[in-house]
Amino acid sequence: MQIYNTLSRQKEALKPHTPGEVSLYVCGATVYDHCHIGHARSAIIFDVIRNYLEYKDLRVRYVKNYTDVDDKIIARAEKEGRSWREVADQFIEAYDRDMARLGVREPTLSPKATAYIAEMVQLIEDLISKDVAYVVDGDVYFEVHQFEQYGKLSHRKTDDLLAGARVEIDPRKRNPLDFALWKNSKPGEPTWESPWGLGRPGWHIECSAMAMKHLGKSIDLHGGGEDLIFPHHENEIAQSEATTGLEFASCWIHHSFVTIDHEKMSKSLGNFFTVEEIFQKSSQFPESVIGEVLRFYLLSTHYRSPIDFSRESLKVAKSGLDNFYVLFQKIDEIEAVADPGEMDGDLKRFQSDFETAMDDDFNTAKGIGVLHEIRLEANRALKKDPKKSVKLGHLLKKIGRVLGLAQLSHEEWRYQPWALALDASSTLDDIAIQSLVKERVAARLNKNWAKSDEIRDQLAKAGITIEDRPDGSTRIKR
RNA sequence: GGCGGCGUACCCAAGUGGUUAAGGGAGCAGUCUGCAAAACUGUCAUUCAGCGGUUCAACUCCGCUCGCCGCCUCCA
């Protein structure tokens with residue numbers, strides 16, 4: 001298995017510290033607002049990476065934190081006249097709910113930063129004693145020049161960083177690049193006791209403390225969005241390695257962004273979509289369907305490439321997924337039986353194609369391509385070799401599980417045949433549709449084609465497509 | 001200014017120093033159907049932004065040009 005490592009800027013073989021076990025740490029969200037599609041992309045990518053490692057019989061210890069103390073949380077709390085804790089708790093809950101709807105499994109552990117203040121204080125004390133950190137008026141800073149390898153992750157020289165720096169010069173810092181490990185807190189802010197007085201931790205130290213606490217001094221995989229490379233991950237490396245003298249993480253995985261009109265989503269541009277709002281706007285579908293559409297869309301581009309978000313791209317994802325569920329329905333209808341374990345001929349080839357794709361830096365886009373090839377083959381075999389179709393259907397489910405796709409039954413997918421579109425602009429309600437469909441079925445039985453077609457046109461105008469099935473039933477699609 | 005990425009058919013998107021450049025969506029034709037729809041079959045890039053170079057051979061390696069984007073500040 002080859003994984004692209006930001007540290008070396010090339011793909012490397014995965015070599016866990018403990019054979020058969022993999023430790024994975026991912027920087028989670030700062031909980032000051034609802035999460036957006038970018039957060040969803042991050043969560044889904046690492047969910048799939050975790051699933052695939054497990055599929056390859058590796059035991060995965062996956063830690064993803066919540067940053068529940070931060071300037072933005074404090075600012076929001078102040079603005080809304082409530083406590084920072086309330087704000088954090090609210091958005092942790094919202095985050096968990098969004099993740100569940102996206103079919104993202106819970107990590108092995110989801111620590112909250114504020115539960116690890118003691119560990120952070122201890123780390124900082126150690127850094128001070130090693131003379132790589134210094135105290136100024138109740139603040140503690142990490143002295144970047146004391147860590148020779150500073151810049152190894154972002155591949156930047158400290159001089160270059162200074163040259164392009166847009167950082168305000170703080171006269172109390174020995175060097176503008178020095179970053180806060182501990183901040184003297186202002187009245188009303190969250191506060192903990194420390195050897196340097198009342199204060200709160202800096203952002204970077206949180207992840208170091210939680211990662212080392214739960215995964216040890218040297219972890220196998222560390223991930224996050226590519227915007228975290230500098231300074232967050234660079235600083236994590238500096239702090240952690242300055243304390244332990246060991247390599248903090250062997251492999252750094254960074255994913256690219258979700259863009260809107262090819263620009264990074266951001267609050268300042270106002271061009272972001274929250275997961276919550278996508279679910280709300282698509283509420284004519286069951287959550288499991290929307291979640292899967294989002295997953296399919298987000299996994300259809302390699303994680304290291306940017307992906308542009310649009311309504312259109314979700315429609316395409318929906319269409320792609322429809323094909324799988326149509327197949328599942330057809331397989332159900334043929335009533336052939338096959339042992340899910342039976343793997344012969346094409347089956348093995350498809351499975352190995354999928355593994356080859358995923359072994360190559362988690363190429364989910366190619367993996368989805370294999371899913372479609374299996375689907376096509378299963379459709380072809382439907383009449384000639386129904387048993388093969390059933391087996392291919394089993395394979396589809398097995399492989400799909402890694403990606404979190406194609407796991408529903410066709411009934412769940414098309415739970416109400418008359419509620420199948422992303423743009424529900426129909427002027428007819430479900431009851432009206434049902435009665436028109438009944439009327440049309442009767443007309444067709446009487447071979448009253450004019451009437452039947454008239455009803456079909458009427459439904460078409462309301463944005464509903466009719467499909468007559470061979471058994472006389474009617475399927476409807478918006 | 002420093003560092004990095006991208007540009008593949010109408011749209012999205014994999015990929016490789018050399019046999020047919022995945023797959024999806026859309027389109028077109030056929031099978032099926034009362035007609036449709038769905039599904040299946042076929043078709044849809046002699047070509048991979050442009051120009052040079054290396055090579056027996058490049059879309060794939062190197063250089064330059066054009067266009068787009070990201071990081072260097074909190075950010076998935």
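**View 1. Helices H4 and H7 cross in a left-handed sense.** In this predicted model, a crossing is called left-handed if the near helix is turned anticlockwise from the far one by less than a right angle, and right-handed if clockwise. The axes of H4 (residues 117-129) and H7 come within 9 Å and cross at roughly 70°, where axes are lines fitted to C-alpha atoms, for helices over the stretch in contact, and angles run from 0 to 180 degrees between N-to-C directions. H4 and H7 are therefore roughly perpendicular to each other, since angles under 35 degrees count as roughly parallel, over 145 as roughly antiparallel, 65 to 115 as roughly perpendicular and the rest as oblique. Leu 123, Asp 126 and Leu 127 of H4 meet Gln 239, Ala 242 and Thr 243 of H7, two residues being in contact if their C-beta atoms, placed from the backbone, lie within 7 Å. By class, this contact of H4 with H7 has three nonpolar, two polar and one charged residues (Ala, Val, Leu, Ile, Met, Phe, Trp, Tyr, Cys and Pro count as nonpolar, Asp, Glu, Lys and Arg as charged, and the others, Gly among them, as polar).

**View 2. Helix H6 passes H7 in a right-handed crossing.** H6 (residues 203-215) and H7 (residues 229-244) pack at an angle of about 60°, with their axes 9 Å apart, and are therefore oblique to each other. On the side of H6 the contact is made by Trp 203, His 204, Ile 205, Cys 207, Ser 208 and Met 212, and on the side of H7 by His 232, Asn 235, Glu 236, Gln 239 and Ser 240. These residues divide into four nonpolar, six polar and one charged.

**View 3. Buried residues of helix H2 pack against helix H3 (84-101).** In H2 (residues 71-80), Ile 73, Ile 74, Arg 76 and Ala 77 are buried, that is, 20 or more other C-beta atoms lie within 10 Å of the residue's own, with C-beta atoms placed from the backbone. Seen down the axis of H2, the buried residues fall within an arc of 165°, so they line one face of the helix; the arc is that of the directions from the helix axis to the C-beta atoms. H2 is followed by Gly 81, whose phi is positive, near 60°.

**Notes to the views.** Residues are numbered from 1 along each chain as its sequence is written, and chains are lettered from A in the order in which they are written. Local features of the predicted model need pLDDT of at least 70, and side-chain atom pairs count only at pLDDT 80 or more, whereas totals for chains, interfaces and linings use all residues.

Notes. Helix = DSSP H or I, 4+ residues; strand = E, 2+ residues; numbered from the N terminus. Buried ≥ 20, exposed ≤ 12 C-beta atoms within 10 Å, placed from the backbone.
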